[in-house]
Every structure is written in C-alpha cells, then in structure tokens.
Amino acid sequence: MRSYYLLTLAQLRIFLRNRQVLFWTLAFPIVLMVMLGSFLGNGNGVSITAAVVDQDRSEQSKNLVKEMEKNEALSLEKSSNEKDVLSQLKQGDLTLVITIPKGYGENLYAGNKADPFKLPVYYNETNMAMSQVGLQLVDNAVDTISKKSVSYEPVVITESKGVEALNLRYIDFLVPGIVAMMIMSNNMNGVAGQISSWRERGILRRMQGTTLKASTFIAAQITARFMLNGLQAMIVLAVAWAAFGIEVRGSWLTVIAFVTLGTLAFMAIGFIIAGIAKTPESAGPIAGFLSFPMLFLGGVFFPIRDMPEFLQPFVQILPIAHLSHALRETMNVGASFLDLGMEAMILGGWLIGAFIVASFTFKWE
Amino acid sequence: METQQEIIKVEKLVKRYGDFTAVDGSEFSVHNGEVFGLLGPNGAGKTTTLEMLVGLRKPDEGTAIVGGFDITKELDKVKEVIGVQLQSTTLFELLTVDEILHLYGSFYSEHISIPELIDDMLLTEKKNSRIKGLSGGQKQRLAIALALVHDPQIIFLDEPTTGLDPQARRTLWDIILRLKERGKTVVLTTHYMDEAHVLCDRIAIMDQGKLIALDTPSELVRNLQSDSAVEFKFNDEVDIALSEIDGVKQVGSQKDVHILYTDDLQETLTSLIAIASEKQLKLVDLQTRTATLEDVFIHMTGRRLREG
C-alpha cells in the first residue's frame, strides 16, 4: 500500500518537475481550442454568418427571416443582390446564402402539400463542417414555419430538445473533442513513450529486482496519470468556460466516468505500443501512426457524419469517436451515463481487449 | 573452508539465446560473509549468471539456492534476502536521492533508516539533489544504497566500478569492504584484475559461458607456478621456440605480444636478449612485472581479459 502511494507520488513529482512536458501537453490543447474556437466559432456567441436574399418580399418571407433571426447562432445579413453574396460565399466570407424566390408567400398560402416549396440554400463545400451546422439551423427555422403553416401541434416533446441541441456553436462541438484528444495523446503517446524509455534505460528491470509487484506499479501509473489528466481536463474546461462560456450541461460524474474510461482504454493501448516498440525512438512514430487518423477521423474536429461513406464502418470502431461523442453528449446535451451505455460498452471493450493484448506483449526489458 | 556455510549454491545453470550458449552449466557455491568475484572478459557470461541468480532471467536448465530459497520456485523469497545493483541502470532522474530511497524502501516489507544509509554511502550532501545532477561515482553509490535499503544478507553488484575514475573506484572499494566487515555476502562481477585482487576472497574465472577456475586470488596466481612475467614484441614476425629460453616455465602468446613466465627473471632476460641479438631481432615494448590474475587468465584462455 505504501509502495502504491509512494509510486503514485513519484510519478506525479516526475510530471510536475518535467515543466516542459507539463506546459506543452497543456498548452497545445488550449491554444488549439482558442485558435479554432476564435476562427471558426467567431468569438463569443454567433458562429454562422448567412446572407438572405428576399426576392419575394411578402409577409410570409419576412416571417421566415424573423424565424431565422431568432436563432442566436445564425447571424443574418440581408441583401438584394444574389450574385454579390454568392461571390462572398465563394470567398468564404459567408457560410450560407439563403434565397427566398418570388412566389414563396403565395405558395405557402396555398399550402400545397404534395409539392412542397423548394428554398435554395447555397453553401461552400470547402467548409463542410460549418455549412452542416448552418444548414441545420436553416432547416430548423424552415421546419418551424412549415409546422406553423399547417397549424401543427407538436406531440413529441423531443422536438424542442432537438432545437436546443442545434443551438450549439462550433466551439461547443470542439471543446469535448479537445478533451478527448488530450486524453488520447497524453495516455497513449505518453505511456508508450515513457514506458519504452524506462525499459530502455533499465529502470523497469531494476524494479523487477525488488519485491515490488507489477500490478502495484501499473496501478500507481494509472492513478497518477488519471489525476494528471483530470487536472488537465479541468483546466481546459475552465479556459473553455472563461473564454467561450462553455458549460457542462450533464452530470459531472458522467464526465468524470468517461474521462476515467478513456484514460484507462488509451493507457492500455499505450502499454501495447510500449510492448511492440523495440526502442523509445520507434514508440513515437507508432503512437503517431495511430493517433493521427484518430484525430482527424474520430470526430475531434469534424462531425463523423461528414466522413466519406466508405470510412464510416472504420470510424465507428475508433475508441476516440466514442469518447468524444460521449463527452459531447454529456457536456452539450446533458445526456446521462445510462443514455451513453453503448459508448461506455465500446470503450470498455477497447479497455479490456487492449489490456489483454498488453499483458501478452508487455516486457519488463 | 569446510567450516564455511554455503549461502549460494549454483547447480548446473544453463542459459541459451538461440544457438548461442551464454552460460554453460556453471556450478559453484558462495560462502556466507565472503566477497565472491565473477571475473571474465565481456561476453563471458558473468552478467547472465548474476541476472539468473537475482531472478531477472529464467535459467534454461539447472537452478540455484540463494539464501536458502530456490530461484526457480521461490523467487519472491529470494528477492527479500538479496540486494541488487545492475550494470548501467538509470533511475528516475527527476527524483531526489532521499525520495528514491524512500520509494525503493517501500517496495519491501521493512527497510533500514534512510538517513543512516545516506550517511553510510557518503551522500549526505546530495540528499535533496536530483539524481540527474549526481556524478558517476555518486550515482553508483546511490545504486548500492538502493541495493541495501532492505538490509539484505546477500548483495549482488554487477560491474560496480566500470566507468568510474580511480578516486571514485577506491571510495567504492572501501564501501564494499565495509559491507564485508558487517557480515554481508557480496557477489560481484568485474573485469578489473586489481579490483578482484583487492576485494575478493574467492574468484571464479569465466570464459565463453564456462567456469574455468575457482580459488582465492593468491592461490590462482600461485598455480601459475611462476613469479614474474616478461612481456615484449618483436618488430618482425619470427618463428622461434620461446619455451627454450632459459628459466621459462610457460609461454603465453596472443597476436604479436609474447609473455614468458619465469621464476628467475634475470636468467630469462639475459637469455632472451642473447637470442634476439643472435637472430638480429629487435625487441619492442619490453616490460617485466610480477604475475597477476591477468596472467592467470591469459594462461588459461590464451586471451586477455580486456581486448585492445
């Protein structure tokens, strides 16, 4: 017990004394978050700039514009020149252009159900992620209008929850992804690098010569890393809260539960890499080989649904996809742990599977 | 000797790496309270033998009883009674001397007073320094302190003085001799002759995985049956019967260096020079010395302990 405590303490001391590693592992996610958040999230509040060209100028079209203006995430710019705004869209100054063609009001008044009116919305395909969010915001407004026009009485309450979820800004999407990324890189890359270097330098061998049990050593590693990760995640969340007003809507316990699961799963993968890597020099590239695809495909920066169809099955099994999704659901939507049972099970599966493989590949020397 | 109590008994230890046999059936025993040396060149199997005794490598055949416990069956108990200092181990560089000793102390059910241990190992001044900043000698003393932290009966030291300056080596020798005074059994490996001679009560000479001699240092030298060695080179390759030089008892030659062992240095030298003059050969690097363990090794294997 005392050796567990002292080993944990020793590992924490090593972390804290290695100022450079401590600084950069924390600075990277924060800088990334602030940069992406400021550029794509457009600072505090509004994230999508769209232009609306009202060619109809009827009561109904004004209603639609009003409906869209209600959404704070959508900043509307009125224009009468469609060509102008379309070229702005191409340059990336705008995320969306919505045109309300002549005849919109009349058509809506007529209420032709068989042939719904088509509202053209232009978006720039080079900015997929943002366009998706914007399109949904517009969809949402249009949806409200269509429901009103047919005096639709909502019978399913979740509909309003859907509206709330779509109020999300990119930064809301980004922060849980950044936390997931941090957990992945600190644990997978961190464990792989540290363990393989300790092995190379004979540190592990020396400990093997004592009565210390491997399980105590690993338990202390997990505890120390979990404490450090928890702290780093808190700092990132605090910065996100201070800079962008991000809150955790769900339970903190659920967040902590997933941070723990993620830490353990990625540590286990890190132990596998440390087992496979013959030298500390090769551990880095192997960890990089795994972490880069996960960063870009795993829903850290972009929603997974934007990924090409053929990649979907592959993307769906990545542990980081489920970690970032679970954190996102908890923080943004306020999902409970039970809602996220599937994610917990998949992460748990990775944890157990990786642990079993690690116990076969792990070498003290 | 017969009154000595056996504390380590090695029985036919074999370790193979593929086709290569690193340790080939070593058999010896170590007595309680002695300093026992494993001597041999690099690759002789000293370190492999030692690592099997401390449980870091599994022997392919044979076993050993260390401190009353079988290394293949009761390794946990063996680890409690032994202390280990491994070759070229690094430690957590960012921890301090005091912290790492407490950490290693916690790995055992009991440990001795850390401040006293630090004083004993002459590390008092460096108590709160990080390991990173210690000198080679200080690091080595710390490694030995870590081996002693749980007050073991038997201490294994793998090349404790390799890479140290002469001053640091002597400090370490004093420490090892003090351990012996306290009744500890020390097993060490070395490829330094002088070190083995000063420290060890008995020496096992290993070469190519085999134990080739085991005795006290003075007895090993005495078995050479010669007091002095004459070492020299010829400037040309020649073929003369060196054993026919007056007084020569044995000839040890390797590459172009020739060594003659003799009890009568003057007679041998005179004769050697006469022969050289007669055959018009030039003697290079001629030196004479008393026979040492190095000569025992050369005599037994035809090679030097440290090549080059």
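**View 1. Helices α5(B) and α6(B) pass each other in a right-handed crossing.** Welcome to a predicted model, in which local features need pLDDT of at least 70 and side-chain atom pairs count only at pLDDT 80 or more, while totals for chains, interfaces and linings use all residues. Residues are numbered from 1 along each chain as its sequence is written, with chains lettered from A and ligands numbered from 1 in the order in which they are written. Helices (H or I, at least four residues) and strands (E, at least two) are DSSP runs, numbered from the N terminus. A crossing is right-handed if the near helix is turned clockwise from the far one by less than a right angle, and left-handed if anticlockwise. Here, the axes of α5 (residues 136–148) and α6 (residues 166–181) of chain B come within 10 Å and cross at roughly 20°. That makes α5(B) roughly parallel to α6(B). Angles under 35 degrees count as roughly parallel, over 145 as roughly antiparallel, 65 to 115 as roughly perpendicular and the rest as oblique. Axes are lines fitted to C-alpha atoms, for helices over the stretch in contact, and angles run from 0 to 180 degrees between N-to-C directions. From α5(B), G136(B), Q140(B) and I144(B) are among the residues that meet α6(B), where the partners include A168(B) and L172(B).

**View 2. Chain B touches chain A through 21 of its residues, which are in contact with 19 residues of chain A.** Two residues are in contact if their C-beta atoms, placed from the backbone, lie within 7 Å. On the chain B side, α2 (75–81) and α3 (97–106) each supply at least two residues, and α3(B) gives the most, with 5 residues. That side divides into 12 nonpolar, 5 polar and 4 charged residues. Ala, Val, Leu, Ile, Met, Phe, Trp, Tyr, Cys and Pro count as nonpolar, Asp, Glu, Lys and Arg as charged, and the others, Gly among them, as polar.

**View 3. Helix α1(A) packs with α3(B) at an angle of about 150°.** The axes of α1 (residues 2–17) of chain A and α3(B) are 8 Å apart. That makes α1(A) roughly antiparallel to α3(B), and the crossing is left-handed. Look for R2(A), S3(A), L6(A), L7(A) and A10(A), which meet E99(B), H102(B), L103(B) and S106(B).

**View 4. Helix α11(A) is mostly covered, with 18 of its 25 residues buried.** A residue is buried if 20 or more other C-beta atoms, placed from the backbone, lie within 10 Å of its own, exposed if 12 or fewer, and partly exposed in between. From first C-alpha to last, α11(A) (residues 252–276) reaches 36 Å, close to the 36 Å expected at 1.5 Å a residue. The expected span is 1.5 Å times one less than the number of residues in the helix.

**View 5. L340(A) sits in the loop between α14 (319–333) and α15 (341–361) of chain A.** L340(A) counts as buried because it has 21 C-beta neighbours inside 10 Å. Leaving aside neighbours within four places in sequence, L340(A) is in contact with A326(A), E329(A) and A335(A).
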